[in-house]
Amino acid sequence: MEIIAALGELGLGERLLTTPAALAAFSCDGLTAFTARPCAAVLAESTAEVVATVRACHATGTPFVARGSGTSLSGGSLPVAGGVLIALNRLNRVLSIDPESRTAVLEPGVINLDVSRAAAAHGLAYAPDPSSQSVCSIGGNLAFNSGGAHCLRHGMTANHILGMTVVLPDGELTTLGGPSREGLGPDWTGMFCGSEGLFGIAVEVTVSLIPIAEATATFLAAYDSLSAAGDAVSAIVAAGLLPVAMEIMDALAIEAAEASVKPRYPPAAALLIVELEGDRDTVAADTTALEALIAVSGAVSVTHTADPEERALIWKGRKSAFSAVGWLAPDYIVQDGVVPRTQLGRALAEVEALSAAAGIRVANVFHAGDGNLHPLILFDGAEAGALERAEQLAADILSMCVRLGGSITGEHGVGVEKRAHLPLMFSPDDLTLMGEIRRSVDPGELANRGKMLVPMAEGTAA
Ligand SMILES: Cc1cc2nc3c(=O)[nH]c(=O)nc-3n(C[C@H](O)[C@H](O)[C@H](O)COP(=O)(O)OP(=O)(O)OC[C@H]3O[C@@H](n4cnc5c(N)ncnc54)[C@H](O)[C@@H]3O)c2cc1C
């Protein structure tokens, strides 16, 4: 094959993988329902190798996909069959931290949590905290504009990316943004963030850091219904409080977390986790206000703690809930719809009704403060038709989110999984324009072909 011969010229040695056995590990990401075999995987160790690999792909017209840690839940890092997969997890150095400007320069394969670990010595942290933060990479976070529990107040990944060096789909190396937000001209950094790898590969990323808060308090409130917990979230925001995180787990998600990491949650139909942070006086005043709000919200029990170990256990239960549902069913689909926060109670009641009508169990664990639902649809893939029924329920939940004024994705991206649902939100003209913008950067649609937008070769919907 022409591309294999071209990659063979790059001196990658054993870091050029071409055998079926070696490529098997790259045939899917966190969404295991989709699989595809690339013709080669390159384990890049330098920017020069990424540039040379992309140039080889461009010269031979071969599609390529960047891969960080492969934790995408929408098939974002699924290879293109017969294409090239460029693994970036060996590019994992924190290149510099500047405590004065509160910035860090990172290679794309740096693990999210390692940024905060490195910054802690300076009293700083990296705010976006996906639940997968102990394994997912900054490059993947950037491509998906990832969120996390603490993005309610601090904002998503895009709010923390200042600049980057990228390899464009023709192999050209260029810089977008810079060390501060005071750049002139179009916001190319903003365009690249969340573009799901369609505009090329980020090889160096400059992020902003935040000071570690002086005080923190974490509340655990138990409710006897999911919609009561959802309504409490709306009431807290309506009262003018802005916690740093507000998360909800339902009974099934609590059961899964207890079976797995044993966070010692109280038994409840729904659990609301609320975290306050700031200076000591603000947290003390907000604690009093929050206690009063929760007291009238119908909570059946409430506790709060500032103890670091107790707080860590609460968050461990929440952040491991996705993987923990593996204790409840052999397979699951995680959905990622968003509804306006004021519609949370109604949306949760509709999820329950759709789940009952389909006869399929759904566990709910989600970023309640952002209205970002994560229904975990449980099924057994060994049963005939079970995957299709689960996918239909997922589609019905997404349609409901759009009907209530929300979106088909909050943070997991469109990938391959939600591509067919884009017309729920965008007109044919919108989609055509998106395709034209994409092809203005990548006429051959080589970068991450088939993700988010339908390629020209496959159809007319751009
Ligand atoms: C248990 C679990 C919990 C999760 N919780 C959350 C959560 O709370 N919030 C959230 O937002 N997501 C969450 N996710 C989803 C996932 O972890 C995120 O989407 C994450 O950002 C993906 O990072 P990654 O390194 O694994 O990227 P990958 O899966 O390898 O890639 C994701 C996308 O980014 C592209 N890409 C990767 N690196 C680059 C680069 N350098 N330049 C350009 N494009 C690139 C890929 O081509 C692909 O399209 C969770 C996943 C799991 C499994």
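## A buried strand and a nonpolar surface patch

Met191 has 31% relative accessibility and therefore counts as partly exposed; that class lies between buried, under 20% relative accessible area, and exposed, over 50% (1.4 Å probe, protein chains only). The model is predicted, so local features need pLDDT of at least 70 and side-chain atom pairs pLDDT 80 or more, while totals for chains, interfaces and linings use all residues. Residues are numbered from 1 along each chain as its sequence is written, and side-chain values use heavy atoms, leaving out hydrogens and water.

Met191 lies in helix 7. Helices (H or I, at least four residues) and strands (E, at least two) are DSSP runs numbered from the N terminus. Together, Trp188, Met191, Leu433 and Ile437 make a nonpolar surface patch of about 370 Å². Helix 7 (188-192) and helix 15 (428-441) are the elements that each give two or more residues to this patch. Patch members have over 30% relative accessible area and no salt bridge, and nonpolar side chains are joined within 5 Å; a salt bridge puts a side-chain nitrogen of Lys or Arg within 4 Å of a carboxyl oxygen of Asp or Glu. Areas come from the Shrake-Rupley method with a 1.4 Å probe.

Now to strand 14. Nine of the nine residues of strand 14 (residues 270-278) are buried, so the strand is largely enclosed by the rest of the structure. Ala270, Leu272, Val274, Leu276 and Gly278 point one way, while Leu271, Ile273, Glu275 and Glu277 point the other way.

Its partners are below; strands pair if DSSP finds at least two bridges between them.

| Partner of strand 14 | Bridges and sense |
|---|---|
| Strand 12 (residues 215-223) | nine bridges, antiparallel |
| Strand 13 (residues 245-250) | six bridges, antiparallel |

Ala217 stands opposite Leu276, and Ala245 opposite Glu275.

How values were computed:
Patch = residues over 30% accessible without salt bridge, like charges linked within 9 Å, V, L, I, M, F, W, Y side chains within 5 Å.
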